[in-house]
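Please keep the sequence and the structure in view while reading.

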Amino acid sequence: MPWVPALLLVFLAPVTQVSSNMEEDKLSVMRATGSSVVMDCDLTGSYIHWYKFQDGAVPRRLLHYIVSNSKVVLDSGISEGKYHVYKGTGKSYTFVISNLQESDSGTYYCAVWE
């Protein structure tokens, strides 16, 4: 039987939380299993958080980025090497998911809480 890579669907929905106002944009991305996906997030704050939402599951924070010292802090149970964050110019941050698997399908949010 020939091997066919599975495709997964990732939604990036950057959300900024300031008081109780929320703004949202969605971007649908499909990538082959084993590949990577790069998502940009434009926020200003001291801590940038990334969350993963999947249907029927509790939303999960994956990591947060400490702007003052450019440090990525993975949440409990998150494996090193899967997620990366890079500071761009201005208020731009790049979130990368490596070695995509079907279990990575979901909606991803970046957020800052001030």
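## The largest pocket

About 210 Å³ of space lies in the largest pocket of this predicted model. Fourteen is the size of its lining: of these 14 residues, Lys52, Arg60, Leu62, Ile78 and Tyr83 are the closest to the centre. Grid points are joined across faces, edges and corners, and the volume is the space filled by probe spheres set on the points. Rolling a probe the size of a water molecule over the atoms shows where empty space is left.

The lining divides into 6 nonpolar, 4 polar and 4 charged residues. Here Ala, Val, Leu, Ile, Met, Phe, Trp, Tyr, Cys and Pro count as nonpolar, Asp, Glu, Lys and Arg as charged, and the others, Gly among them, as polar. Strands S6 and S7 each supply at least two residues of the lining.

## Basis of the model

The model is predicted, and local features need pLDDT of at least 70, side-chain atom pairs count only at pLDDT 80 or more, while totals for chains, interfaces and linings use all residues. Residues are numbered from 1 along each chain as its sequence is written, and side-chain values use heavy atoms, with hydrogens and water left out.

## Overall fold

The protein chain has 11 strands and 0 helices (DSSP runs numbered from the N terminus: E of at least two residues for strands, H or I of at least four for helices). Of its 114 residues, 38% count as buried; buried means under 20% relative accessible area, exposed over 50%, and partly exposed in between, with a 1.4 Å probe and protein chains only. Among contacts (heavy atoms within 4.5 Å) between residues at least 6 apart in sequence, 54% join residues at least 24 apart.

## The nonpolar core

The largest nonpolar core holds 20 residues, of which Trp50, Tyr83, Phe95 and Ile97 touch the most other members. Strands S5 (37-42), S6 (47-53), S7 (60-66), S9 (83-87), S10 (92-97) and S11 (106-112) each supply at least two residues of this core. Such a core is a set of buried Ala, Val, Leu, Ile, Met, Phe, Trp, Tyr and Cys residues joined through side-chain atoms within 4.5 Å.

Phe95 illustrates the packing. Residues up to four places away in sequence aside, Phe95 touches Val37, Val38, Met39, Trp50, Leu62, Leu63, Tyr83, His84, Val85 and Tyr108.

## Salt bridges

A search of the whole structure finds 2 salt bridges, each defined as a side-chain nitrogen of Lys or Arg within 4 Å of a carboxyl oxygen of Asp or Glu.

| Salt bridge | Closest N and O atoms |
|---|---|
| Arg61 with Asp75 | 2.9 Å apart |
| Asp104 with Lys82 | 2.6 Å apart |

Arg61 lies in strand S7 and Asp75 in the loop between strand S8 (71-74) and S9, so this pair ties together parts that are 14 residues apart in sequence. Arg61 counts as partly exposed at 27% relative accessibility, whereas Asp75, at 17%, counts as buried.

Asp104 and Lys82 form a salt bridge that links distant parts of the chain, with Asp104 in the loop between S10 and S11 and Lys82 in the loop between S8 and S9, 22 residues apart. Both Asp104 and Lys82 are buried.

## Individual residues

Tyr47 lies in strand S6 and is partly exposed because its relative accessibility is 42%. Apart from neighbours within four places in sequence, Tyr47 is in contact with His64, Tyr65, Ile66, Val67, Ala111, Val112 and Trp113.

Thr107 belongs to strand S11 and is buried, with a relative accessible area of 15%. Thr107 and Phe53 are 54 residues apart in sequence, yet their C-alpha atoms are 5.0 Å apart in space.

Most residues other than glycine have a negative phi. Ser70, in the loop between S7 and S8, has a positive phi near 55 degrees and is partly exposed at 48% relative accessibility. Asn99, in the loop between S10 and S11, has a positive phi of about 50 degrees although it is not a glycine; its relative accessible area of 45% makes Asn99 partly exposed.

Note on methods:
1 Å grid on protein atoms, 1.4 Å probe; cavity = no way out; pocket = protein on both sides within 12 Å on 5 of 7 lines; lining within 4 Å.
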